[in-house]
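This report describes one structure, going from a loop residue to the helices and then to the charged pairs.

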Amino acid sequence: REAVANYGQKALGAFREVESVLARETLLVRRRDAAQAAMTASAESLRIARLRYETGTESMLDVLQIQRQHD
């Protein structure tokens, strides 16, 4: 009985460890996706600022400030 109880405890510990790793992986995937979305939005903002500069509706200073934020 003691051996079976020890085995059960070790199995439960292993399951908890796997569950913990999977939860961390999910969190990391969400963080990566959020970072990629932020970079995409930043690049789009810079693209729009450059287009507005080319059409005369944005100053170079504004474009440079957006570019600094993007980098």
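## Glutamate 58 in the loop

Glutamate 58 has a relative accessible area of 16% and is therefore buried (buried means under 20% relative accessible area, exposed over 50%, partly exposed in between, with a 1.4 Å probe and protein chains only). The residue sits in the loop that runs between helix 1 and helix 2; helices are DSSP runs of H or I with at least four residues, as strands are runs of E with at least two, numbered from the N terminus. Beyond the residues up to four places away in sequence, glutamate 58 touches Ala49, Arg52, Tyr53 and Val63, where contact means heavy atoms within 4.5 Å.

Arginine 52 is partly exposed, because its relative accessibility is 39%.

## Basis of the model

The model is predicted: local features need pLDDT of at least 70, side-chain atom pairs count only at pLDDT 80 or more, and totals for chains, interfaces and linings use all residues. Residues are numbered from 1 along each chain as its sequence is written, and side-chain values use heavy atoms, with hydrogens and water left out.

## Helix 1 and its end

Helix 1 consists of 53 residues, running over residues 2-54. From its first C-alpha to its last, helix 1 reaches 78 Å, close to the 78 Å expected at 1.5 Å a residue; the expected span is 1.5 Å times one less than the number of residues. Glycine 56, which follows helix 1, has a positive phi near 85°.

Glutamate 2 belongs to helix 1 and is exposed, because its relative accessibility is 63%. Between glutamate 2 and valine 63 there are 71 Å in space, C-alpha to C-alpha, for a sequence separation of 61 residues.

## Salt bridges

How many salt bridges does a search of the whole structure find? The search gives 3, a salt bridge being a side-chain nitrogen of Lys or Arg within 4 Å of a carboxyl oxygen of Asp or Glu. The pair of glutamate 58 and arginine 52 is one of them, at 2.7 Å from N to O.

Glutamate 44 and arginine 47 form another, with an N to O distance of 2.7 Å. Both lie in helix 1, 3 residues apart, or about one turn of the helix. Glutamate 44 is partly exposed because its relative accessibility is 34%, and arginine 47 is partly exposed because its relative accessible area is 43%. Aspartate 33 and arginine 32 also meet in a salt bridge, at 3.0 Å from N to O. Their relative values are 35% for aspartate 33 and 45% for arginine 32, so aspartate 33 is partly exposed and so is arginine 32.

Histidine 70 is part of helix 2, which covers residues 60-70. Is histidine 70 buried or exposed? Its relative accessibility is 18%, so histidine 70 counts as buried. Apart from neighbours within four places in sequence, histidine 70 is in contact with Met39, Ser42, Ala43 and Leu46. The histidine 70 side chain also reaches the backbone nitrogen of alanine 43, at 3.5 Å.

Arginine 68 is in helix 2 as well, but is exposed because its relative accessible area is 62%. Arginine 68 and serine 42 are 10 Å apart in space, C-alpha to C-alpha, and 26 residues apart in sequence.

## A nonpolar patch

Tyr53, Met60 and Leu64 make up a nonpolar surface patch with about 270 Å² of accessible area together. Patches are made of residues with over 30% relative accessible area and no salt bridge, like charges being joined within 9 Å and nonpolar side chains (Val, Leu, Ile, Met, Phe, Trp, Tyr) within 5 Å. Accessible areas come from the Shrake-Rupley method with a 1.4 Å probe, and for residues only the protein chains shown count as cover. Tyrosine 53, in helix 1, is partly exposed because its relative accessibility is 38%.

Terms used. A polar contact is a pair of N or O atoms within 3.5 Å; within protein, one must be able to donate a hydrogen and the other to accept it, and residues adjacent in sequence count only if both atoms are side-chain atoms.
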